[in-house]
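Work through the exercises below with the sequence and structure open. Each task is followed by a solution in steps.

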Number of protein chains: 2
Amino acid sequence: LTSAPASALVRASTDLLQAAGLPARRAHRSAAAIVLADRWRIGSHGLMRLPFYLTRLEAGGIDPKADLREVRRTTSVVAFDGGGGLGHWQVWSAVDTAVGLSRASGVGVAAVGNSSHSGALGVYANRLREAGQAGLVLSNGPAAMPAWGGSRPVLSTSPIAGAVPSPTGGAVVDMATSTVTRGRIVQYAQDNRPLEPGWAFDSTGTPTTDPKLALSGMIAPVGGAKGFALAYLIESLTGGLIGPLLSRDVVDPFAANRASEHQGVSHLVVAIDPRSLDVDGRHEDRLSQLEKEVAASGGRVPGRRRIKSSASIEIEPDLMRSLLAWAERLDARIAVAILANELTGVRR
Amino acid sequence: LTSAPASALVRASTDLLQAAGLPARRAHRSAAAIVLADRWRIGSHGLMRLPFYLTRLEAGGIDPKADLREVRRTTSVVAFDGGGGLGHWQVWSAVDTAVGLSRASGVGVAAVGNSSHSGALGVYANRLREAGQAGLVLSNGPAAMPAWGGSRPVLSTSPIAGAVPSPTGGAVVDMATSTVTRGRIVQYAQDNRPLEPGWAFDSTGTPTTDPKLALSGMIAPVGGAKGFALAYLIESLTGGLIGPLLSRDVVDPFAANRASEHQGVSHLVVAIDPRSLDVDGRHEDRLSQLEKEVAASGGRVPGRRRIKSSASIEIEPDLMRSLLAWAERLDARIAVAILANELTGVRR
């Protein structure tokens with residue numbers, strides 16, 4: 001791993017996404033969201049994904065010119081068709097829409113259907129927090145988890161993110177309702193290590209600690225029946241209610257032979273204005289008090305390390321080389337200059 | 001255990017709550033909510049609690065004459081001060097408020113602060129489902145869980161319920177974000193059985209399998225850090241934002257020496273109109289498809305057994321005798337007649 005300034009990588013990624021056809025502002029918003037995941041050390045949802053997005057943008061599975069088309073609007077809810085666009089700028093825009101509605105109505109909801117992977121949902125919950133709003137961000141994705149007691153994948157890892165604003169920092173919750181990520185299982189397979197019991201199933205739904213059987217099988221919901229119930233709710237509120245697809249039919253973003261197909265992912269953003277709920281005007285004191293007590297008792301406020309993210313990121317030189325090759329191919333000259341410069345002095 | 005018709009026990013409970021001072025309609029709503037938990041076989045949140053509610057009503061910890069006082073109203077959100085009233089009718093009313101707002105605005109939120117225990121939150125999520133609404137119901141309660149890695153209780157078991165309507169039945173999610181309930185630990189203590197590893201901590205935050213140490217200690221969040229993060233979010237959205245109290249300061253409803261104090265519980269109801277989110281008009285088909293796939297793969301749709309609840313309940317004769325004693329004392333003559341009749345022929 002080598003260290004690189006996050007701002008330079010945001011500029012390089014913006015240039016790459018613009019070269020792939022995205023308008024400047026959307027390219028920049030998406031790049032900032034991607035690199036923020038790396039700044040938070042969730043590399044699995046950061047720049048590591050950019051070559052896959054570029055592949056899908058080139059193949060047509062992500063439409064760089066897609067808009068957010070307003071399909072329905074009620075007083076406090078807007079539903080958009082994402083037209084197969086990149087998830088990052090689309091969820092970011094959905095947050096802006098939900099925040100606007102919430103400031104006017106006390107609560108605001110924005111739904112995006114027919115979208116794509118949007119990286120780490122905590123990025124968008126953090127934006128809610130920065131806007132002084134509480135709320136939730138939910139997505140679906142390709143099916144990877146069985147029903148509790150079930151033998152086939154029917155749900156995605158069903159991520160949920162949550163935002164809590166407060167004068168002393170607030171909190172960002174960001175988790176999948178699966179025991180572990182698929183990426184973690186890949187690592188165990190590479191290291192030839194057995195998984196912890198309870199993490200995964202083989203393709204028939206039988207528990208396994210063999211990472212290779214797990215990779216062709218399924219990931220377990222966290223906490224068994226409870227994680228499944230939550231994931232069922234998340235799938236219902238995204239793929240079910242928004243659409244157009246249930247997780248079963250969502251396209252795997254890593255599947256090279258399906259890079260030309262829209263993924264069909266759904267996202268839901270709920271923003272709640274803290275002032276609209278408060279019965280005695282003291283919510284800021286209480287939230288700060290809660291943060292203080294968690295820390296004083298030896299715990300950690302969720303997302304606290306992320307809120308204080310660093311200005312530089314750790315990145316694999318091989319990933320930078322792969323991005324440089326993409327930049328050369330797409331004639332993204334700013335990206336070429338930045339990545340070549342960052343790679344200067346990195347040992348091959 | 002003996003079997004009794006649910007309708008008779010709703011009538012008896014209504015009469016008891018009226019005799020304790022509640023207006024008829026609120027007494028009936030509360031009784032129906034209490035008995036529904038028994039019909040769902042969540043006895044820990046059903047009639048077993050009624051003697052404790054009656055004790056608190058008598059001592060002043062629950063105010064039978066409390067209203068829901070509207071403190072704030074924005075376009076799609078209403079916040080109520082519950083004035084120390086019984087949680088059951090207050091959350092039920094909050095559902096009605098949220099559903100009304102949602103039908104008008106696409107989403108509706110009702111918050112109740114300064115309320116009391118309301119039994120099983122799934123009861124209210126089920127009402128959302130019956131009204132054709134998706135949504136969430138959250139509450140806080142007395143602190144029973146530590147932060148992940150923490151040594152003191154800072155969060156309640158932080159329950160969350162969810163509603164999904166569909167033409168084929170829909171779903172009701174109803175869970176605490178703790179590994180197990182306190183009631184389950186009491187049972188293990190009575191049976192002198194060791195707990196499963198991971199369920200509980202002693203009073204210093206050290207993991208324990210001794211149920212007696214656990215009872216004076218804390219319950220673990222489900223899935224470790226993930227359950228804690230969710231519980232933190234739930235506490236923030238209830239005790240934090242609504243108030244007036246964080247879980248740390250909420251009064252234990254079983255504490256005999258504090259029966260005269262308002263509990264200070266907060267509840268949040270979010271209702272989302274399914275039609276407001278749907279990008280292609282096919283959400284009902286998708287939700288039915290999801291239910292079908294979960295069942296076909298060997299799993300179970302959350303709450304499905306509850307939705308098909310029975311008309312009779314299983315109840316401890318000793319609990320009926322305790323309720324009969326309350327009925328005699330409060331001169332609740334309908335309750336006396338029903339309970340005496342149900343106890344006829346039950347062996348002592």
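**Exercise 1.** Find the rotation and shift that superpose chain B on chain A.

*Solution.* Superpose the copies by least squares on the C-alpha atoms of residues with pLDDT of at least 70 in both. Next, look along the axis: B:Gly223 comes closest to it of the residues of chain B, at 2.6 Å (C-alpha).

This is a predicted model, in which local features need pLDDT of at least 70, side-chain atom pairs count only at pLDDT 80 or more, and totals for chains, interfaces and linings use all residues. Residues are numbered from 1 along each chain as its sequence is written, chains are lettered from A and ligands numbered from 1 in the order in which they are written, and side-chain values use heavy atoms, with hydrogens and water left out.

**Exercise 2.** State how many residues of each chain are in contact, and what area is buried.

*Solution.* Take contact as heavy atoms within 4.5 Å. Then 81 residues of chain B touch 80 residues of chain A. The copies meet through the same surface, because 99% of the interface residues of chain B are also interface residues in chain A. Now the area (accessible area, 1.4 Å probe, lost on being put together, summed over both parts). About 6500 Å² is buried, with 70% from carbon and sulfur atoms. B:Tyr232, B:Leu241 and B:Val279 supply 12% of what chain B buries, more than any other three residues.

**Exercise 3.** Which side chains meet A:Glu293 in a salt bridge?

*Solution.* Look for a side-chain nitrogen of Lys or Arg within 4 Å of a carboxyl oxygen of Asp or Glu. The rule finds two salt bridges across the interface. In one of them, B:Arg248 pairs with A:Glu293 at 2.6 Å, N to O.

Conventions:
Buried area is the accessible area (1.4 Å probe) that two parts lose on being put together, summed over both.
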